[in-house]
Amino acid sequence: MLPLLLAPLLFLSSADASARADSVYDLQPWVDGPILAGTAVSWIVLAAAGPSFVEPRCPCSSSEVPGIDRIALGKRSHPADVASTVTLGVALAAPVVVDWVDVGFSPPLAEDMTIYGEVLTLSGTVTELAKWVVQRPRPYVYGSTSPSVLEAKGSYSSFFSGHVSASVGALTALSMTQTLRHGSSAWWLWMVTALVGTSVAIERVAAGQHFPTDVITAGLVGGATGFIVPWLHARGGPGRPSVTVAPLSGGALLVLRGDW
């Protein structure tokens, strides 16, 4: 997984910047490379090691579930579960397919995919960290007496939804990229992002995998990541903050520069 995520950066490092007529992002391989690698490794480690920290604590009473979340209790739709996973797969593929059709195999495509990779790995890291720190029981755990359910590590990873954060993050990143490149003509992608994100959220609740507050939080995290990462890298945008050390007599001064 990690070599695939870093492949666009290797292409960028050897590409002629003057050939990037459709470029909308300003990337620095020696900066974005470590960021992408670090978040990817963190995501993988948390996903692999996180369940080992889970301490099963149910049977649990439904009285501990907030009123807004009780709509998810008693639901366990397998078709909704499958539909949400299929929709997620389409959402993850969309940025690659749309960008490839738009700019072909080119340096701008590599830049876009680097941004996309950072969005996925950052939102994935935050999602996995929240799951294994909060350890919230999934809706189907409440009322269950099955040891296989109550003792399973995955039964305590409800907060928050990885399906929703990944799908919303991916489509928001795609919408940002296309808006930066084509302007207001990409408005329809924002509509698709909202519709698909809502669909996945409803499916995850109907499947009994998550509570409404889980999918709402996931949508906010995915949307924020998918917007902020492209925004910070956009050519002519606010620019990313930089930190430098200025020498002073008897010491040094840490200088933070950036436009917001």
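1. Basis of the values. Because this is a predicted model, local features need pLDDT of at least 70 and side-chain atom pairs count only at pLDDT 80 or more, whereas totals for chains, interfaces and linings use all residues. Residues are numbered from 1 along each chain as its sequence is written, and side-chain values use heavy atoms, with hydrogens and water left out.

2. H4 against H6. Helix H4 (residues 107-134) packs on helix H6 (residues 162-182) at an angle of about 155°, and their axes are 9 Å apart; helices here are DSSP runs (H or I, at least four residues), numbered from the N terminus, and axes are lines fitted to C-alpha atoms over the stretch in contact, with angles from 0 to 180 degrees between N-to-C directions. H4 and H6 are therefore roughly antiparallel to each other, a term used for angles over 145 degrees. On the H4 side the contact (heavy atoms within 4.5 Å) includes Pro108, Asp112, Tyr116 and Lys131, and on the H6 side Gly162, Ala166, Ala173, Thr177 and Arg181 are among the residues involved. By class, the residues of this contact are seven nonpolar, six polar and three charged, where Ala, Val, Leu, Ile, Met, Phe, Trp, Tyr, Cys and Pro count as nonpolar, Asp, Glu, Lys and Arg as charged, and the others, Gly among them, as polar.

3. H6 against H7. H6 also packs with helix H7 (residues 187-206), at an angle of about 180° and with axes 9 Å apart, and the two are therefore roughly antiparallel to each other. Residues of H6 including His163, Leu171, Leu174 and Met176 meet residues of H7 including Leu189, Trp190, Val196 and Arg204. The residues of this contact divide into eleven nonpolar, eight polar and one charged.

4. The cavity. The structure holds one cavity of 30 Å³ or more, a cavity being a set of points on a 1 Å grid over the protein atoms alone where a 1.4 Å probe fits but cannot get out. The largest cavity contains about 40 Å³ of space, a volume being the space filled by probe spheres set on the grid points, which are joined across faces, edges and corners. Its lining (residues with an atom within 4 Å of a point) consists of Pro95, Asp99, Asp112, Met113, Tyr116, Ala173, Leu174 and Thr177. Helix H3 (78-103), H4 and H6 each supply at least two residues of this lining, which divides into five nonpolar, one polar and two charged.

5. The pocket. The largest pocket, an open set of points with protein on both sides within 12 Å along at least five of seven lines, has a volume of about 360 Å³. It is lined by 21 residues, and Trp43, Leu88, Gly162, His163 and Ala166 lie nearest its centre. H3, H4 and H6 are the elements that give two or more residues to the lining, and the largest share, seven residues, comes from H4. The lining is made up of nine nonpolar, eight polar and four charged residues.

6. Backbone geometry. Most residues other than glycine have a negative phi, and most peptide bonds are trans. The peptide bond from Cys58 to Pro59 is cis, with omega near 25°, and Pro59 lies in the loop between helix H2 (29-49) and H3. The bond from Phe159 to Phe160 is likewise cis, with omega near 0°, and Phe160 is found in the loop between helix H5 (147-150) and H6. Gln135, although not a glycine, has a positive phi of about 55°, and its place is in the loop between H4 and H5.

How values were computed
Parallel < 35°, antiparallel > 145°, perpendicular 65-115°, else oblique.
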